[in-house]
Number of protein chains: 2
Amino acid sequence: MEPLLLFPDPAPPALAQALDLAGYPWKCAGSVEAAAALEPEDGWAGAIVVADADPDGAFTLCRTLRRRDVPLEPVLLLVSGVQLADLELRDDLFDDFCLSPFHPRELEARLKHLFWRTGTGTRPELVEYGPLVLNLETYQAAIDGKPLDLTYMEYELLKFLATNPGKVFTREILLSRVWGYEYYGGARTVDVHIRRLRAKLGEEHANLISTVRSVGYKFGQPRWSL
Amino acid sequence: MEPLLLFPDPAPPALAQALDLAGYPWKCAGSVEAAAALEPEDGWAGAIVVADADPDGAFTLCRTLRRRDVPLEPVLLLVSGVQLADLELRDDLFDDFCLSPFHPRELEARLKHLFWRTGTGTRPELVEYGPLVLNLETYQAAIDGKPLDLTYMEYELLKFLATNPGKVFTREILLSRVWGYEYYGGARTVDVHIRRLRAKLGEEHANLISTVRSVGYKFGQPRWSL
DNA sequence: ACCTGTGTGAACGCTCTGTTACACGGGTTG
DNA sequence: CAACCCGTGTAACAGAGCGTTCACACAGGT
C-alpha cells in the first residue's frame with residue numbers, strides 16, 4: 001500500500017502511533033514543496049492533515065492537493081473542537097474530518113470507510129512469515145508468491161502454527177485448538193496433516209515445520225531462537 | 001427543507017435538541033413500517049440512525065433505506081465507541097458516522113458536509129468486476145454487455161459479493177448481511193441461490209463465484225495486493 | 001539390538017456441496 | 001374469484017472431497 005501523506009512535519013506522536021498500530025504506512029511533509037518531493041511514484045494513498053497548529057498551512061496544502069490533475073483522495077482533516085467553524089465553506093477541501101484529540105479506533109474506522117467510499121485500496125488481513133503468506137479474508141495461502149492449494153484443515157492448522165511462530169505445541173494442544181475442544185480422536189491425525197502440509201510447502205520449505213521429538217511440532221525459527 | 005428521518009422512536013433528547021438548534025426538521029420512526037408511513041411526499045432529506053440501543057434494528061433500517069429504488073442519502077450513523085467494530089463490512093449502509101455522546105457542533109458540521117457532498121453526487125452507481133456490471137440505480141445487471149435477468153435476492157446477493165471481491169463469506173454471514181439480521185432459516189438457502197446465480201452467469205462465468213469448502217463462498221479472483 | 005516415537009501410503013467412511021424437485025405465498029391475469 | 005406465474009425457501013439425494021484411521025517402514029535414543 002502506498003503511504004499516507006501527513007501534515008505537518010513532524011506529525012503529532014499520537015497520530016503517528018495510531019497509524020502504525022493500524023498498519024498504515026505514512027510520510028510527513030511540512031510544506032507543499034516537501035510533499036511534492038516525497039511523493040511516491042504511484043502517488044499517495046491519501047492525506048491526513050492536522051489543522052490544529054497551522055490552519056492556514058493546512059488548508060493551503062489541502063487546496064493544492066485538490067487542484068492536481070487527479071485530485072488526491074481521500075483527504076482526512078484533523079481539527080480541534082473550536083475549529084469546527086473553520087470548516088465553513090471549505091467543504092471541497094476535505095472528504096472527512098475527525099475531532100482532535102481523537103480515539104485511535106475512530107480514526108481507523110474513518111480511514112477504512114473513507115478508503116471504501118473512494119474505492120481505493122483496502123488492505124487484506126495477512127499472516128506472514130518469511131516466504132509464507134496467508135490471506136485470512138480470501139482463505140488463500142502462498143509461498144514464494146506461488147499459491148498453495150490447501151484444504152480447510154490444512155489451512156487452519158497452518159494458520160494456527162504460523163500465528164505462533166517458534167512455539168512448540170503438543171498434538172493434544174493442536175487437536176483442542178485447531179480441531180476443537182470437544183474433539184476426541186487419535187493424536188496421529190495431527191501427524192498426517194503435518195505431513196501433507198510439508199508436502200505442499202515443497203521440499204524447499206518443508207522445514208518450516210519442525211518436529212520436536214517426544215513433544216510435538218513448531219513452526220519457523222529452525223535454529224537460533226532466544 | 002424536507003425532514004430528517006430519526007431512529008429509534010423516541011429519539012435521544014440530546015439528538016432532537018441538537019437538530020432543533022441547528023434548524024433541521026425531523027420525524028421519528030421506530031420501525032421500517034413506521035418510517036414508510038411517515039415519509040413525506042418528496043421523501044426524506046436524510047436519515048440519522050442511532051445504533052446504541054438497538055443495533056439490529058438500526059442496521060435493518062439502514063439496509064431497507066439503501067434498497068429503495070432511489071437509495072436514501074445521506075445516512076448518518078450514531079454509534080458508541082465500543083460499536084466501532086460493528087461497522088466492519090457495513091460500509092455500504094451509511095455515509096458517515098458520529099461517535100456518541102456527540103458534540104452538537106460536530107453533528108452539525110457532519111450534516112453540513114454530508115449534504116454538501118451528496119449534493120454533488122459522488123456515490124458510485126455502478127459496481128464493476130471484470131465482465132460483470134451492476135447498475136445500482138436501475139437494478140440491472142449485465143455480463144459481457146448482455147443483460148442478466150436476476151431476481152431481487154439474486155441481485156442483492158451478487159451485489160454484496162461483487163462489492164467485496166475475493167473475500168470469503170460464510171453462509172451465516174451472507175444470511176445476516178443479505179437476507180437480514182432477523183432472518184432465521186436454513187443455510188442451504190444460500191447454496192441454492194448461489195447455484196441459480198451461477199446458472200444465470202453462464203457456464204463461462206460461473207466460476208466468478210467460487211466455493212471455499214467448509215467455509216463459504218467468495219466472488220472473483222484474489223487480490224494479492226501487498 | 002531393542003523400544004519408542006515419527007514418516008508414509010492407502011483405504012475407509014463421513015461431511016459437505018451440487019443438484020433437482022417440490023411447497024408455499026404474493027401478485028397478476030382472465 | 002379462480003387459475004396461473006414467478007420468486008423464494010426447504011427437503012432429499014447422490015457424488016465428490018476430505019479427514020481419520022490403520023499398518024508398516026524408518027530413525028533416534030538408551
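## Surface near DNA strand D

Four helices each supply at least two residues of the surface near DNA strand D: H5 (152–162) and H7 (188–201) of chain A, and H5 (152–162) and H7 (188–201) of chain B. The model described here is predicted.

There are 21 residues around DNA strand D, and those that come nearest are Met153(A), Gly186(A), Thr151(B), Tyr152(B) and Gly185(B). Sorted by class, this surface has eight nonpolar, eight polar and five charged residues.

## Surface near DNA strand C

Around DNA strand C there are 14 residues, of which Asp191(A), Arg195(A), Thr211(A), Arg195(B) and Thr211(B) come nearest. The elements giving two or more residues to this surface are H7 of chain A and H7 of chain B. Its residues divide into four nonpolar, four polar and six charged.

## Contact between the protein chains

Chain A puts 21 residues into the contact and chain B puts in 24 residues. On the side of chain A that touches chain B, helix H4 (residues 104–118) of chain A gives the most, with five residues. That side of chain A has nine nonpolar, eight polar and four charged residues.

## The sheet of chain A

Chain A has an open sheet of four strands in the order S6-S7-S8-S9, with antiparallel pairing. Strand S6 (126–129) and strand S9 (146–148) of chain A stand at the edges; each has a single partner strand, so one side of each lacks a neighbour in the sheet. From one strand to the next, the twist averages 25°.

S6(A) and strand S7 (residues 132–135) of chain A run antiparallel and are joined by four bridges. Within this part of the sheet, Val127(A) has Leu134(A) in S7(A) as its bridge partner. Helix H5(A) packs on the sheet and touches S6, S7 and strand S8 (140–143) of chain A. The direction of H5(A) makes about 115° with that of S7(A).

## Helices H5 and H7 of chain B

In chain B, H5(B) and H7(B) pack with their axes 10 Å apart, at an angle of about 90°. The two helices H5(B) and H7(B) are therefore roughly perpendicular to each other.

From H5(B), the residues Met153(B), Glu154(B), Leu157(B) and Leu158(B) meet His193(B), Arg196(B) and Leu197(B) of H7(B). By class, the contact of H5(B) with H7(B) has four nonpolar, one polar and two charged residues. Both H5 and H7 of chain B also supply at least two residues each of the surface near DNA strand D.

Note on methods:
Residues are numbered from 1 along each chain as its sequence is written. Chains are lettered from A and ligands numbered from 1 in the order in which they are written. This is a predicted model: local features need pLDDT of at least 70, side-chain atom pairs count only at pLDDT 80 or more; totals for chains, interfaces and linings use all residues. A residue is near a molecule or strand if its C-beta atom, placed from the backbone, lies within 6 Å of it. Ala, Val, Leu, Ile, Met, Phe, Trp, Tyr, Cys and Pro count as nonpolar, Asp, Glu, Lys and Arg as charged, and the others, Gly among them, as polar. Two residues are in contact if their C-beta atoms, placed from the backbone, lie within 7 Å. Two strands pair if DSSP finds at least two bridges between them. Axes are lines fitted to C-alpha atoms, for helices over the stretch in contact, and angles run from 0 to 180 degrees between N-to-C directions. Angles under 35 degrees count as roughly parallel, over 145 as roughly antiparallel, 65 to 115 as roughly perpendicular and the rest as oblique.
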